[in-house]
Amino acid sequence: EADDWPMFGRDGSRNPVSPESDPPVKWDLGPDWGQQNWDPKQATNLKWVAELGSNTCGDPVVADGLVWVGTNNHTYDDQIDASVLVCFRENDGKLLYKYVSPRMNHRMLDWPYSSMANSPLVEGDRLWFATNRWEAVCLDIGPLKRGKGPPLVLWTRDLIEELGVHPNGAVR
């Protein structure tokens, strides 16, 4: 079992090289991948497989038995175009939580079908990430880790309104 990877770059050292000895160097989904009769037991060096949205740009992070990754809502709800942060249980890939961030009404600031394009940071019971709406969010993930309910939003900061941040040089 590999160590946690709670942030982009693995940990505070920002050295993204795994300290694991004899790590797997080959992954294979097997001959029937994508078919209705696909069996995960045919895969090589995979614990589980989970479907993400149609656009996924951020790197996943793993901490305390949870896997967090930013994607879009295409797989989860085709009726709503949104960026999402999803959480899977590390041991079996079960989807546990989804933070939905609706699109902004400004294509220069928030392109349709784009993903939650960042890697969150996990430290203890706190998780921080940036949304497609240019918000910084802090979640208390303690309840989810303990199986007592969904994470709680501790705070959200609108970086455009509060700090005058204008992504891609665009001004609203």
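Helices (H or I, at least four residues) and strands (E, at least two) are taken as DSSP runs and numbered from the N terminus. On that basis, Asn132 is placed in the loop between strand E6 (126-130) and strand E7 (135-140). The model is predicted, so local features require pLDDT of at least 70 and side-chain atom pairs count only at pLDDT 80 or more, whereas totals for chains, interfaces and linings use all residues. Residues are numbered from 1 along each chain as its sequence is written, and side-chain values use heavy atoms, with hydrogens and water left out.

**Overall architecture**

- The protein contains two helices and eight strands, and the pattern along the sequence is β-β-β-β-β-β-β-α-β-α.
- The radius of gyration, taken over C-alpha atoms, is compared with a globule rule of 2.2 Å times the number of residues to the power 0.38. For 172 residues a compact globule would have a value near 16 Å, and the 17 Å of the protein agrees with this.
- The C-alpha trace spans about 50 × 35 × 35 Å along its principal axes.
- Contact means heavy atoms within 4.5 Å. Of the contacts between residues at least 6 apart in sequence, 40% join residues at least 24 apart.

**Surface and charge**

- A residue is called buried under 20% relative accessible area, exposed over 50%, and partly exposed in between (1.4 Å probe, protein chains only). Buried residues account for 35% of the 172 residues.
- Accessible areas come from the Shrake-Rupley method with a 1.4 Å probe, and for residues only the protein chains shown count as cover. The protein exposes about 10400 Å², of which carbon and sulfur atoms supply 51%.
- Lys and Arg count as positive and Asp and Glu as negative, while His and the chain ends are not counted. The place of a charge is NZ of Lys, CZ of Arg, CG of Asp or CD of Glu.
- There are 17 positive and 25 negative side chains, and the centres of the two sets lie 4 Å apart.

**Asn132 and Ser101**

- Asn132 is buried, with a relative accessible area of 8%. Ser101, which lies in strand E4 (residues 95-102), is also buried, at 1%.
- A polar contact is a pair of N or O atoms within 3.5 Å; within protein, one must be able to donate a hydrogen and the other to accept it, and residues adjacent in sequence count only if both atoms are side-chain atoms. The side chains of Asn132 and Ser101 make such a contact at 2.6 Å.
- A polar atom of the Asn132 side chain also lies 3.3 Å from the backbone oxygen of Pro102.
- Beyond its neighbours within four places in sequence, Asn132 is in contact with Ser83, Ser101, Pro102, Arg103, Met104, Leu109, Asp110 and Met116.
- With the same exclusion of near neighbours in sequence, the contacts of Ser101 include Ala82, Thr131, Arg133 and Glu135.

**Ser119**

- Ser119 is situated in the loop between E4 and strand E5 (121-123).
- A polar atom of the Ser119 side chain lies 2.8 Å from the backbone oxygen of Asp59.
- Not counting residues up to four places away in sequence, Ser119 touches Phe8, Gly58, Asp59 and Val61.
- Ser119 and Arg133 are 14 residues apart along the chain, and their C-alpha atoms are separated by 15 Å.

**The segment before E1**

- Leu46 belongs to the segment before strand E1 (61-63) and counts as partly exposed because its relative accessibility is 31%.
- Trp27 is placed in the segment before E1 and counts as exposed, at 55% relative accessibility.
- Leaving aside neighbours within four places in sequence, Trp27 is in contact with Thr44, Asn45 and Leu46, and Leu46 is in contact with Trp27, Asp28 and Leu29.
- Leu46 and Leu29 are 17 residues apart in sequence, with 7.8 Å between their C-alpha atoms. Trp27 and Ala43 are 16 residues apart in sequence, with a C-alpha separation of 7.5 Å.

**Backbone angles**

- Most residues other than glycine have a negative phi.
- Asn45, in the segment before E1, has a positive phi of about 60 degrees although it is not a glycine. Asn45 is partly exposed, with a relative accessible area of 44%.
- Trp134, in the loop between E6 and E7, likewise has a positive phi, near 60 degrees. Trp134 is partly exposed at 29%.
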